[in-house]
Amino acid sequence: MVLAGMWLGSLASSRGDTYTVTTANSLGAGSLYEAIVSANAHPGADTIGFNIPGSGVHEISVGKDGLPEITDPLTIDGYTQPGAKANTLAVGDDAIILIRIDGTYAGDPPHHGLIISAGDSVIRGLALTGFPTIFNGITGEVLFYG
C-alpha cells in the first residue's frame, strides 16, 4: 500500500469550488472520476472532498477507463471523509486513512493511478493500492500504474 501525502507546487491562497465524492463507484454521479472531470472543467484551483456513506475504509476501484488526468490546480483531500484523521504525531503515525484508490482492475494495458499535470495541486489522505510504482527519471515524476 502506498499512502499519498504528496505536495506539488505552492498552495494557492484560496480555493474555488468543492466537489464531493459520495460514492465508491468508479464512474457516474458522485464518483471520483466525475469530480476530477468537473474540477478540470472549472478554471482555477478547486477541491475534491469525500462524504461516502457508511463506516470503515471505502475502496474506489479504478475501472477499465482509469482516472482522468488532473489538468487544473486541484486539492484532493481524503481527510474530509467522516472519521478520517491526519497524522498529529511528531514521531510515528496516527493517521486514519478511509479512502483507498485501487488499480487492480485498471485495464489492460494498465491505466495510470493519478496523473497530475497541473501545478499548485495537493493529494492527501488517500491510500493507493494495486498500482506498481514507476519513476520517470526524465521528468522526476513518480507515476502509479494499474
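The structure is a predicted model, in which local features need pLDDT of at least 70, side-chain atom pairs count only at pLDDT 80 or more, and totals for chains, interfaces and linings use all residues. Residues are numbered from 1 along each chain as its sequence is written, and side-chain values use heavy atoms, with hydrogens and water left out.

The protein chain holds 1 helix and 11 strands, where helices (H or I, at least four residues) and strands (E, at least two) are DSSP runs numbered from the N terminus. Going along the sequence, the order is β-β-β-α-β-β-β-β-β-β-β-β. The chain has 146 residues, and 39% of them count as buried; buried is under 20% relative accessible area, exposed is over 50%, and partly exposed is in between (1.4 Å probe, protein chains only). Take the contacts (heavy atoms within 4.5 Å) between residues at least 6 apart in sequence: 74% of them join residues at least 24 apart.

Now to the core. In soluble globular proteins, nonpolar side chains tend to be buried together. A nonpolar core here is a set of buried Ala, Val, Leu, Ile, Met, Phe, Trp, Tyr and Cys residues joined through side-chain atoms within 4.5 Å. The largest such core has 23 residues, and those with the most contacts inside it are Val21, Leu32, Ile48, Phe50, Ile76, Ile101 and Leu126. Two or more residues each come from strand E3 (18–21), H1, strand E4 (46–50), strand E6 (74–77), strand E7 (99–102) and strand E9 (126–129). H1 gives the largest share, 4 residues. Ile76 shows how the pieces meet: neighbours within four places in sequence aside, Ile76 is in contact with Ile48, Phe50, Ile70, Val122, Ile123, Arg124 and Leu126.

Gly78 sits in the loop between E6 and E7 and is buried, at 0% relative accessibility. Gly78 and Gly125 are 47 residues apart along the chain, yet their C-alpha atoms are separated by 4.2 Å. Apart from neighbours within four places in sequence, Gly78 is in contact with Phe50, Ala84, Ile99, Arg124, Gly125 and Leu126.

There is also 1 cavity of 30 Å³ or more. A cavity is a set of points, on a 1 Å grid over the protein atoms alone, where a 1.4 Å probe fits but cannot get out, and its lining residues have an atom within 4 Å of a point. Grid points are joined across faces, edges and corners, and the volume is the space filled by probe spheres set on the points. On that basis, the largest cavity comes to about 40 Å³. Its lining is made up of Asn25, Ser26, Leu32, Tyr33, Ile60, Ser61, Val62, Gly63, Gly66 and Leu67. Helix H1 (32–41) and strand E5 (58–61) are the elements that give two or more residues to this lining. By class, the lining splits into 5 nonpolar, 5 polar and no charged residues, with Ala, Val, Leu, Ile, Met, Phe, Trp, Tyr, Cys and Pro taken as nonpolar, Asp, Glu, Lys and Arg as charged, and the others, Gly among them, as polar.

Ser26, one of the lining residues, lies in the loop between E3 and H1 and is partly exposed, at 28% relative accessibility. Leaving out neighbours within four places in sequence, Ser26 is in contact with Ser31, Tyr33, Ser61 and Gly63. Ser26 and Gly66 are 40 residues apart in sequence, with 8.5 Å between their C-alpha atoms. Thr23 is found in that loop between E3 and H1 too, but is buried, with a relative accessible area of 16%. The Thr23 side chain reaches the backbone nitrogen of Asn25 at 3.2 Å. Setting aside neighbours within four places in sequence, Thr23 is in contact with Ala29, Gly30, Ser31 and Ile52.

Two residues further along deserve a mention. Most residues other than glycine have a negative phi. Asp120, in the loop between E7 and strand E8 (121–124), has a positive phi of about 55° although it is not a glycine. Asp120 is partly exposed, with a relative accessible area of 28%. Ser121, in strand E8, is buried, at 1% relative accessible area. The side chain of Ser121 reaches the backbone oxygen of Ala118 at 3.2 Å.

Key:
On a 1 Å grid over the protein atoms alone, a cavity is a set of points where a 1.4 Å probe fits but cannot get out, and a pocket is an open set with protein on both sides within 12 Å along at least five of seven lines; lining residues have an atom within 4 Å of a point. A polar contact is a pair of N or O atoms within 3.5 Å; within protein, one must be able to donate a hydrogen and the other to accept it, and residues adjacent in sequence count only if both atoms are side-chain atoms.
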